[in-house]
Amino acid sequence: MNKRGIIAMTLGALMILGSFSLMAYNGWEERRASSFANEILPDLFEVIEEKKADSKQEEAKARPTAIVGGNELIGIITIPDIDLELPVLSTWSYPLLKIAPCRYSGENIDDPLVLAGHNYVKHFGKLNKLLPDDEVFFTDVEGKLTTYRVVKTEILQKTQVEDMLSENWDLSLFTCDYSGRVRLTVRCLVAD
């Protein structure tokens with residue numbers, strides 16, 4: 001075998017090893033995110049029950065939050081059709097997206113709620129499976145349950161921030177595709 005052949009085989013082996021390493025790292029991050037949700041949900045349900053008992057008749061203008069496990073949360077997103085139930089963090093950042101869906105927009109109760117999630121299979125990776133009329137439930141930290149119905153799914157470019165924040169929808173859920181170039185966005189309205 002000549003020198004070029006050995007170099008090509010070595011580079012090929014390194015590329016395969018690099019691919020396996022990247023897959024292992026992504027798997028580790030997804031398991032870590034899933035573990036976070038499993039650990040935090042029981043405590044968050046407990047906080048919701050406590051806040052529900054303590055909540056006042058008049059709703060505050062700002063969306064309520066609660067600190068659970070050292071994280072500030074706004075509630076729980078539940079989507080039965082894709083077997084999803086996750087805590088929702090009150091603010092978003094790229095590091096936070098790695099552990100749970102985050103509020104991207106919707107500081108006040110009257111504002112449309114926009115949630116960003118990672119495309120992990122156990123996070124928002126199955127949003128593409130949702131169909132019109134599928135139900136999405138959001139329970140805030142005071143125990144108020146809001147039922148939404150999926151209206152449509154759309155693909156937005158990552159530069160279409162104004163479209164993401166459209167006031168035409170009561171709830172928008174989004175995640176990037178695996179290339180990171182576009183955002184899969186599910187648009188919902190409050191169910192009648």
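## Basis of the description

A residue is called buried when its relative accessible area is under 20%, exposed when that area is over 50%, and partly exposed in between, with a 1.4 Å probe and protein chains only. By this scale Cys188, at 0% relative accessibility, counts as buried.

The structure is a predicted model, in which local features need pLDDT of at least 70 and side-chain atom pairs count only at pLDDT 80 or more, whereas totals for chains, interfaces and linings use all residues. Residues are numbered from 1 along each chain as its sequence is written, and side-chain values use heavy atoms, with hydrogens and water left out.

## Overall architecture

The protein chain has three helices and nine strands, where helices (H or I, at least four residues) and strands (E, at least two) are DSSP runs numbered from the N terminus. Read from the N terminus on, the order of these elements is α-β-β-β-α-β-β-β-β-α-β-β. Along the principal axes, the C-alpha atoms of the protein chain fill a box of roughly 80 × 35 × 25 Å.

Of the 192 residues in the protein chain, 40% are buried. A contact is defined by heavy atoms within 4.5 Å, and among the contacts in the protein chain with a separation of 6 or more, 58% are accounted for by residues 24 or more positions apart.

## Surface and charge

The protein chain exposes about 11,300 Å², of which carbon and sulfur atoms supply 54%; accessible areas come from the Shrake-Rupley method with a 1.4 Å probe, and for residues only the protein chains shown count as cover.

## Aromatic pairs

The structure holds four aromatic pairs; rings of Phe, Tyr and Trp (its six-membered ring) pair if their centres lie within 6.5 Å, and planes under 30 degrees apart count as stacked, over 60 as edge-to-face and the rest as tilted. Trp92 and Tyr94 form an edge-to-face pair, with 5.1 Å from centre to centre and 85° between the planes. Trp92 counts as partly exposed because its relative accessibility is 31%, whereas Tyr94, at 58% relative accessibility, counts as exposed. Ring pairs link Trp92, Tyr94, Tyr104 and Phe174 into a cluster.

## Cysteines

The structure holds zero disulfides, a disulfide being a pair of cysteine sulfur atoms within 2.5 Å. For Cys176, the closest cysteine sulfur is in Cys102, and the separation of 13 Å is too far for a bond; Cys176 is partly exposed, with a relative accessible area of 23%. For Cys188 the closest cysteine sulfur is also that of Cys102, at 18 Å, which is too far for a bond.

His123 lies in the loop between strand 5 (113–116) and strand 6 (135–140), and at 2% relative accessibility His123 counts as buried. Not counting residues up to four places away in sequence, His123 touches Ala33, Leu84, Leu86, Leu97, Lys98, Ile99, Ala100, Pro101 and His118.

Thr139 lies in strand 6 and is buried, with a relative accessible area of 18%. Although Thr139 and Ile48 are 91 residues apart in sequence, their C-alpha atoms are 8.5 Å apart in space. With neighbours within four places in sequence left aside, the contacts of Thr139 are with Ile48, Ile74, Gly75, Ile76, Lys144 and Leu145.

## Loop residues

The loop between strand 2 (71–79) and strand 3 (84–89) holds Asp83, whose phi is near 50°, a positive value in a residue other than glycine; Asp83 is exposed, with a relative accessible area of 71%. Ile82 lies in the loop between strand 2 and strand 3, but Ile82 is buried, with a relative accessible area of 5%. Leaving aside neighbours within four places in sequence, Ile82 is in contact with Lys126, Leu127, Lys129 and Leu130. Ile82 and Thr65 are 17 residues apart along the chain, and 26 Å separates their C-alpha atoms.

A positive phi in a residue other than glycine is also found at Asp133, where the value is near 80°. Asp133 belongs to the loop between strand 5 and strand 6 and is exposed, with a relative accessible area of 56%.
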